[in-house]
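Good morning. Please have a look at it first.

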Amino acid sequence: WVVAYDETEGYALISGGQPTVEGDDGGCRTGTGTNNSGLWIFSRSQERDEGLIEKVRTIAKTAGFDLSVLNFVEQDGCIYEDEDEDEPVTCVDR
């Protein structure tokens with residue numbers, strides 16, 4: 001489910017299903033497993049923008065989601081291919 005999306009600001013808040021389970025922080029979360037589970041914040045930036053992440057976390061909290069299910073994803077140490085090349089942009093472990 002697309003909970004929130006803004007192309008101009010470059011983010012999307014995605015839920016893996018309807019949040020029906022009471023979460024740890026008083027909000028609701030989806031189930032567990034492969035289907036109908038998960039909550040993600042996607043951004044178009046290759047570098048973490050704390051202000052944008054906090055904005056989208058606030059949107060999720062206001063919508064009643066349990067934020068304790070969100071995990072920090074380390075993005076340091078990635079090498080990105082040249083976007084002008086024919087190759088897709090990829091992240092490679094060092």
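Let me start with the inside. The largest nonpolar core has 10 residues: Ala4, Tyr11, Leu13, Leu39, Leu52, Val56, Ala60, Phe65, Leu67 and Leu70. A nonpolar core here is a set of buried Ala, Val, Leu, Ile, Met, Phe, Trp, Tyr and Cys residues joined through side-chain atoms within 4.5 Å. Buried means under 20% relative accessible area, exposed means over 50%, and partly exposed is in between, with a 1.4 Å probe and protein chains only. S2 and H1 are the elements that give two or more residues to this core, and H1 gives the largest share, three residues. Helices (H or I, at least four residues) and strands (E, at least two) are DSSP runs, numbered from the N terminus.

Two remarks on where this comes from. This is a predicted model, so local features need pLDDT of at least 70 and side-chain atom pairs count only at pLDDT 80 or more, while totals for chains, interfaces and linings use all residues. Residues are numbered from 1 along each chain as its sequence is written, and side-chain values use heavy atoms, with hydrogens and water left out.

Now the sheet. Three strands form an open, antiparallel sheet in the order S1-S2-S5. Strand S1 (2-6) and strand S5 (39-43) are the edge strands, each pairing on one side only. Two strands pair if DSSP finds at least two bridges between them. S1 and S2 pair over four bridges, and Asp6 has Tyr11 in S2 as its bridge partner. These two strands form a hairpin with four residues between them, and Gly10 in the turn has a positive phi of about 80°.

Contact means heavy atoms within 4.5 Å. Leu52, one of the core residues, is in contact with Glu9, Gly10, Tyr11 and Ser43, leaving aside neighbours within four places in sequence.

Next, a loop residue. Thr30 is found in the loop between strand S4 (28-29) and S5. Is Thr30 buried or exposed? Thr30 has a relative accessible area of 6%, so it counts as buried. Not counting residues up to four places away in sequence, Thr30 touches several residues, including Ser15, Pro19, Val21 and Gly38. A polar atom of the Thr30 side chain lies 2.8 Å from the backbone nitrogen of Gly38.

Last, the charges. How many salt bridges does a search of the whole structure find? It finds four, a salt bridge being a side-chain nitrogen of Lys or Arg within 4 Å of a carboxyl oxygen of Asp or Glu. One of them joins Arg44 and Glu7 at 4.0 Å, N to O. Arg44 lies in the loop between S5 and H1 and Glu7 in the loop between S1 and S2, 37 residues apart. Arg44 is exposed at 66%, and Glu7 is exposed at 51%. Another joins Arg57 and Glu54 at 3.7 Å; both lie in helix H1, three residues apart, about one turn of the helix.

Note on methods:
A polar contact is a pair of N or O atoms within 3.5 Å; within protein, one must be able to donate a hydrogen and the other to accept it, and residues adjacent in sequence count only if both atoms are side-chain atoms.
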